[in-house]
Amino acid sequence: RRPEVRLFRVARDPGVSADSRAQALPFVGWARIWSPLASREVRDEAWDALGLPGCFADVEPAYWTAFHVGSPQPSVPLLLHAALGLEGGHAREEWMRVFHFLGLRWQEQALPPDHLAPGCEALAAAIDREDDVLVAELCQRYLLPWCKAALTGLGDARGALGPLTERFESD
């Protein structure tokens, strides 16, 4: 049996349309792409499911260097407050309110609440619930500005990782 990498436990609403579920599903995949907790196998499956070009192994060294490793931080932090120059406590508190509103509950493994991976799961849940206001707010306040900051911060890695970030932005 495969381990499932889900950061949250989600109560499913049987009244949600199949179209909403289909629109939400890519962001569950993106959560796996951005999560440092996902295994290589899980990340590869998400990569294939999203239809990204090539395979994760093609960009893996650049990915880890740009998004996860750096001193004092990576060139493109996946902590949204760090990438966007926001106060960390406020950003984390805001995301915790979003998770509570959506009924998301932490599972065993947890990332900081303002990490991009749980943010993607929250966006998927908001899309699934057909909460257009919350979807727009999360995108405008956090996700689209992160994409802009990421494209700027990639520097030399933009050739390898620019298409990944651009695809995330287009989804």
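Helices here are DSSP runs of H or I with at least four residues, numbered from the N terminus. The model is predicted.

**View 1. L138 in helix α7.** L138 sits in α7, which spans residues 132-153. Is L138 buried or exposed? Its relative accessible area is 3%, and under 20% counts as buried, so L138 is buried. Leaving out residues up to four places away in sequence, L138 touches W95, V98, A122, L123 and L143. L123 lies 15 residues from L138 along the chain, yet their C-alpha atoms are 7.1 Å apart.

**View 2. Helix α1 against helix α6.** The axes of α1 (residues 18-34) and α6 (residues 116-128) come within 8 Å. They cross at roughly 175°. Angles over 145 degrees count as roughly antiparallel, so α1 is roughly antiparallel to α6. From α1, the contact includes F27, V28, W30, A31 and W34. From α6, it includes L116, C120, L123 and I127. By class, this contact holds twelve nonpolar, two polar and four charged residues.

**View 3. The largest nonpolar core.** This core has 50 residues. W30, W34, F67, L116, W146, L161 and F168 have the most contacts inside it. Two or more residues come from each of α1, α2 (40-50), α3 (56-67), α5 (88-102), α6, α7 and α8 (158-170). Which helix gives the largest share? That is α7, with ten residues. In soluble globular proteins, nonpolar side chains tend to be buried together.

**View 4. Contacts of F67.** Neighbours within four places in sequence are set aside here.

Terms used: Residues numbered from 1 in each chain as written. Predicted model: local features only at pLDDT ≥ 70, side-chain atom pairs only at ≥ 80, totals over all residues. Heavy atoms only, no water. Axes fitted to C-alpha atoms, helices over the stretch in contact; angles between N-to-C directions. Parallel < 35°, antiparallel > 145°, perpendicular 65-115°, else oblique. Contact = heavy atoms within 4.5 Å. Nonpolar A, V, L, I, M, F, W, Y, C, P; charged D, E, K, R; others polar. Buried < 20%, exposed > 50% of the residue type's maximum accessible area, 1.4 Å probe, protein only. Core = buried A, V, L, I, M, F, W, Y, C linked by side-chain atoms within 4.5 Å.
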